[in-house]
Amino acid sequence: MLVGSAPAAALLGLLGLLVGSFLNVVIHRLPRMMEARWTADCAELDPAKEPALAPATPSEPYNLMVPRSRCPHCGHHIRWFENIPVLSYLALGARCSQCKTFISFRYPAIELVSAALFAWCGWQWGASWTALAWCGFSAAVLALAFIDWDTTLLPDDITLPLLWAGLCAAALGLIDTRLVDAVWGAVAGYLSLWLVYWAFRLATGKEGMGYGDFKLFAAFGAWFGWQALIPVILMASVLGAVVGIAIKFLGRLREGGYVPFGPFLALAGLTAMGFGPPAMLAAIGL
């Protein structure tokens, strides 16, 4: 392993750009795929409602690979040279080549953040399987953060593989976390938020978070070990409180007055990857 390897950082940074482009697809399509599955399941359980539910199911194959990406406004199919990470966005002037509708900066931003995370992994762990493992962790957490922010969903399609990947990485020695710490980290991560959820629900009659938060925190326990859970949850809680208060002060709370917790949990997890849980505790004086 070549720690501090500039070539590995550059190579993985380039890979991160490509992965970031794919993450944009995942963030946009996966919630819609889930809704389509739920619609189909509901129709199967109650055939009488099938005609009303049918329009919500896409008439053509719809998954992470097909159909081709297109402009949501005019339906223009995006050609390969219009889909080069970051460069195409700049070349097109942030507008669709056909209808000239503005393209959100979020698309290249996700590509750049993904590239930065992958490059960090390359710099930190060099050209190694460990670097690739943490690259996969980064990609999954980044996708979860934006999906949860958009939809308040943390899909099992990502959280559960992330949890198992952490346990496997610990078992194979790809990460510094011992397998026993990873197992108990997963258990403690899930149960801790599960207990908080039920305590809050019994006290207020409301749901303070979703089950996806439990699974994501369990995944962090698997990757970092049970010792990391306190600094991660502390950072996520502080960030969530500060941002939530700011959004409420600005009058931009969504309908229902909720702020999803997953993005702040994700940011704390990425911080733990970059600096380590001990540094996070030291930063807040613990």
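User: What do the numbering and the values rest on?

Analyst: Residues are numbered from 1 along each chain as its sequence is written. In this predicted model, local features need pLDDT of at least 70 and side-chain atom pairs count only at pLDDT 80 or more, while totals for chains, interfaces and linings use all residues; side-chain values use heavy atoms, without hydrogens and water.

User: How many residues does helix H1 have, and what does it reach from its first C-alpha to its last?

Analyst: Helices are DSSP runs (H or I, at least four residues), numbered from the N terminus. The expected span is 1.5 Å times one less than the number of residues. H1, residues 6-45, has 40 residues and reaches 55 Å, close to the 58 Å expected.

User: Where does H1 bend?

Analyst: A bend is the angle between axes fitted to the seven residues ending at a residue and the seven starting there. H1 bends by about 30 degrees at Arg29, and Pro31 follows within four residues.

User: Which peptide bond is cis?

Analyst: The bond from Val66 to Pro67, with omega near 0 degrees. Pro67 is in the loop between H2 (50-53) and H3 (87-91).

User: What is phi of Val86, and is Val86 buried or exposed?

Analyst: Phi of Val86 is near 65 degrees, a positive value in a residue other than glycine. Val86 is found in the loop between H2 and H3. Buried means under 20% relative accessible area, exposed over 50%, and partly exposed in between (1.4 Å probe, protein chains only). Val86 has 16% relative accessibility, so Val86 counts as buried.

User: Where does Lys100 lie?

Analyst: Lys100 lies in the loop between H3 and H4 (106-125), and its phi is near 65 degrees, also positive in a residue other than glycine.

Methods. Helix = DSSP H or I, 4+ residues; strand = E, 2+ residues; numbered from the N terminus.
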